[in-house]
Amino acid sequence: LVNRVISHLVQAIRGKDSCFSSIERQSAGSYYERVKISEPNEFDIMLVMPVARIQLDESDDTGAFYYVSFKRIPKEKGIVKFLDEDGKLSAFKMLQALREIIKQEVKNIKDVEVTVARKKVGSPAITLQIKNPPSEISVDIILTLEVQHSWPLSTQDGLKIEQWLGTKVKRDMRFKSLYLVAKQNKREKVLRGNTWRLSFSHIEKYMINNHGNSKTCCESDGPKCCRKGCLKLLKYLLEQLKMKHPKELEKFCSYQVKTAFLHSCVTWPNDSQWHLGDLEHCFQRCLEFFVDCLQKSQLTHFFIPQYNLLSLEDKARHHFLSRKISHELNNGFPVFHE
């Protein structure tokens, strides 16, 4: 169902605006990393648009947010309409244009009811709701620029996977294109909607699907490990706790536990440390690592070491979550049995 709707939209978007003619879909997120828990009712689809010869300028000290401008006026003249008065590529304008095309086009999708959800402040996604009785499926469409550009300086000391996946894999990854998603940087004094945030979802998907220290880990005839099982449980625990305490935990997202999980893979790099039968022990070990991060209000972005995913002004919330997780850890996870 989702594929049918997205294929229809991609065709339409390419035809409606020459700017978007080279857009390609790419699947990201937990469903495609095979770590989705509960029913498959949420999907992330990246609409990837290649852009050439750009300049990146940091917009703050996180090393994650950038302004994008062109070194030369691009061949697709149409893209000029998305530049702001300073010549920066406006994420806001591009998203708006894409959103309008999608809003018009969902009306032409026959035999399935698709609506575009209201805009969420600060979210880089255009969210579709697909009626699929008795439930609903939501699809986040994320506009992504694909840039043939060396990775910025801020990523230099990130991706510490040498002991886990090896130096060669690291080198290959750093040669992959750079992704930027249309994401508002909240720290800007004046919110102008022209910032883009680095995204490594294509690399994360690769690592999660090729997660072994030995190359045969979890392949059909190779030994099985519990890494993915741990990640699923971490995400599920956060999901359940967020349902119980929506207000206190609204700022937490699965990306934080995914990051803690990737750091755990680096801390314990060998397959022998993730035996399939040791799921309970490994899960608790990952959780203790995450709780430690919460207590310090310090969770380093996996690719951008200077970027802390737990902002210091939310300390009270971090402590609230760490107390809730510690309670679950010490009492045999009552929330899983509710």
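1. Let's start with the overall layout. The chain splits into domain 1 (1–201) and domain 2 (215–336). Keep in mind as you look around that this is a predicted model. Between the C-alpha centres of domain 1 and domain 2 there are 26 Å. Where the domains touch, domain 1 contributes 27 residues and domain 2 contributes 20 residues.

2. Now find helix H6, residues 254–267.

3. Is H6 mostly enclosed or open? Since 10 of its 14 residues are buried, H6 is largely enclosed by the rest of the structure. Buried here means under 20% relative accessible area. The buried residues of H6 are Gln-256, Val-257, Lys-258, Thr-259, Ala-260, Phe-261, Leu-262, His-263, Ser-264 and Cys-265. Among the elements that cover them are helix H4 (201–209), helix H5 (227–244) and helix H7 (279–296).

4. Next, have a look at the second largest pocket, which holds about 370 Å³ of space. It is lined by 21 residues, and those closest to its centre are Phe-92, Lys-119, Gly-122, Ser-123 and Gln-184.

5. Which parts of the chain build this lining? Helix H2 (91–105) and strand E6 (125–132) each supply at least two residues of the lining of the second largest pocket. H2 gives the largest share, with five residues. By type, the lining of this pocket has nine nonpolar, seven polar and five charged residues.

Methods
Residues are numbered from 1 along each chain as its sequence is written. This is a predicted model: local features need pLDDT of at least 70, side-chain atom pairs count only at pLDDT 80 or more; totals for chains, interfaces and linings use all residues. Side-chain values use heavy atoms; hydrogens and water are left out. Helices (H or I, at least four residues) and strands (E, at least two) are DSSP runs, numbered from the N terminus. The expected span of a helix is 1.5 Å times one less than its number of residues. Buried means under 20% relative accessible area, exposed over 50%, partly exposed in between (1.4 Å probe, protein chains only). Contact means heavy atoms within 4.5 Å. On a 1 Å grid over the protein atoms alone, a cavity is a set of points where a 1.4 Å probe fits but cannot get out, and a pocket is an open set with protein on both sides within 12 Å along at least five of seven lines; lining residues have an atom within 4 Å of a point. Grid points are joined across faces, edges and corners, and a volume is the space filled by probe spheres set on the points. Ala, Val, Leu, Ile, Met, Phe, Trp, Tyr, Cys and Pro count as nonpolar, Asp, Glu, Lys and Arg as charged, and the others, Gly among them, as polar. Domain bounds come from an automatic or database domain assignment.
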